[in-house]
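Hi everyone, thanks for coming. Please take a moment to look at the sequence and the model on the screen, and then we will walk through it together.

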Amino acid sequence: MIYTITTNPSLDYTVDADVILGQINRANSEIIYPGGKGINVSLSLQRLGEETRALGFAAGRIGQTIRDLLDDLGCPHTLLELGSGQSRINVKIRGPVETAVNGRGPDLGAGDLVHLLELLQDVRREDTVVLSGWAQNIAIYVSILRQLEETGCMTVLDCGGEALWQCLDCHPFLVKPNLVELGALFGVEDLEYAEGVELAHQLQLEGARNVLVSMGGSGAFLLTESRELYFASACAGRTNNTVGAGDSLIAGFLTGLRRTGDFGSALQMGVAAGCATAFSDWLGTEEYTLELMEQIRVEKSSL
């Protein structure tokens with residue numbers, strides 16, 4: 001089982017509009033999806049045929065709508081009810097320039113963390129847990145990873161900034177920053193591939209075991225704990241949607257790793273899944289992912 005944790009799920013309101021500031025703008029089209037990075041990973045895993053369950057929190061009527069949409073999509077979930085507030089709404093505007101306004105969402109209390117940790121008592125060594133998204137409370141992420149360390153399960157961390165730094169002491173199996181996030185961790189702008197590999201190794205020295213770095217249209221690379229470096233370029237295609245592409249990369253990578261046990265094949269499927277989402281209106285399908293895999297070649301070297 002692959003569990004995902006989204007502490008701050010969202011209702012994603014996606015509109016196609018040519019926005020002019022200071023005026024009333026009307027959408028050319030609109031659609032509503034359940035959102036949040038961990039939920040996107042679970043939905044992508046489900047579309048790839050993997051067993052998954054989305055864990056996290058939800059609040060108020062908006063939170064219930066998120067649950068209902070997940071039910072409609074057939075995605076198993078356990079979103080714990082918060083005592084107050086409303087789950088957030090994220091507005092994604094597709095136009096000449098893709099723009100997003102993400103809501104803040106409700107605050108979490110110490111008791112909420114206790115309930116989530118109780119849910120995680122069912123995790124076994126053969127399971128995988130993906131923890132991703134913005135951390136309102138970094139201590140929550142650290143507490144989760146420390147409890148999971150005792151199970152010996154595979155942990156995947158997709159967050160940035162101080163949250164990532166503090167979680168490295170828990171030695172996650174995989175961390176997945178993008179190239180910009182990786183550079184920001186070390187105060188480096190306009191990071192190039194070679195520099196990115198060096199900084200990925202620095203993350204390993206700080207505690208990360210394997211580092212997967214997404215590079216948008218340039219593909220992704222993986223630096224393993226045995227110092228093997230894998231690189232896969234992205235497929236050529238028209239980008240329709242960047243929301244969820246990195247989450248699909250994680251889902252594809254984990255699916256490939258479970259099916260083959262090979263890091264190169266996992267990266268190939270991960271990049272294909274990310275491209276399938278980027279080239280689609282929403283999350284990519286398994287059929288499209290497998291089609292794109294045929295175009296992706298993985299290069300392997302050693303540091």
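Let me start with a definition: a residue is called buried when its relative accessible area is under 20%, exposed when that area is over 50%, and partly exposed in between, using a 1.4 Å probe and protein chains only. Ile39 is at 0% relative accessibility, so Ile39 counts as buried.

Two words on the background. What you see is a predicted model, where local features need pLDDT of at least 70, side-chain atom pairs count only at pLDDT 80 or more, and totals for chains, interfaces and linings use all residues. Residues are numbered from 1 along each chain as its sequence is written, and side-chain values use heavy atoms, with hydrogens and water left out.

Now the overall picture. The protein chain has 10 helices and 14 strands; helices (H or I, at least four residues) and strands (E, at least two) are DSSP runs, numbered from the N terminus. Of its 303 residues, 52% count as buried. The C-alpha trace spans about 55 × 45 × 40 Å along the principal axes. What would the radius of gyration be near for a compact globule with 303 residues? It would be near 19 Å, and the protein chain has 18 Å, which agrees. That radius is taken over C-alpha atoms, and the globule rule is 2.2 Å times the number of residues to the power 0.38.

Next, contacts, meaning heavy atoms within 4.5 Å. Among contacts between residues at least 6 apart in sequence, 65% join residues at least 24 apart.

On to the sheets. In general, strands of a sheet pair through backbone hydrogen bonds, either parallel or antiparallel. Here, two strands pair if DSSP finds at least two bridges between them.

Leaving aside residues up to four places away in sequence, Ile39 touches Thr4, Thr6, Pro9, Pro34, Ala54, Ile66 and Leu70.

There is also an open sheet of four strands, in the order β3-β2-β6-β7, again with mixed pairing. Its edge strands are β3 and β7 (99–102), each pairing on one side only. Strands β2 (residues 10–16) and β6 pair in the parallel sense over seven bridges, and Tyr13 stands opposite Val91 in β6.

Strand β6 (residues 88–94) also holds Asn90, which is buried, with a relative accessible area of 3%. The side chains of Asn90 and Asp12 are joined by a polar contact of 3.4 Å. A polar contact is a pair of N or O atoms within 3.5 Å; within protein, one must be able to donate a hydrogen and the other to accept it, and residues adjacent in sequence count only if both atoms are side-chain atoms.

Last topic: aromatic rings. Rings of Phe, Tyr and Trp (its six-membered ring) pair if their centres lie within 6.5 Å; planes under 30 degrees apart count as stacked, over 60 as edge-to-face and the rest as tilted. How many aromatic pairs does the structure hold? There are five. In one of them, the ring centres of Tyr33 and Trp282 are 4.2 Å apart with the planes at 0°, so this pair is stacked. Tyr33 lies in strand β3 (residues 29–35) and Trp282 in the loop between α9 (263–278) and α10 (286–293), 249 residues apart. Trp282 is buried, with a relative accessible area of 14%.

The rings of Tyr193 and Phe221 have centres 5.3 Å apart and planes at 80°, so they are edge-to-face. Ring pairs link Tyr193, Phe221 and Phe231 into a cluster.
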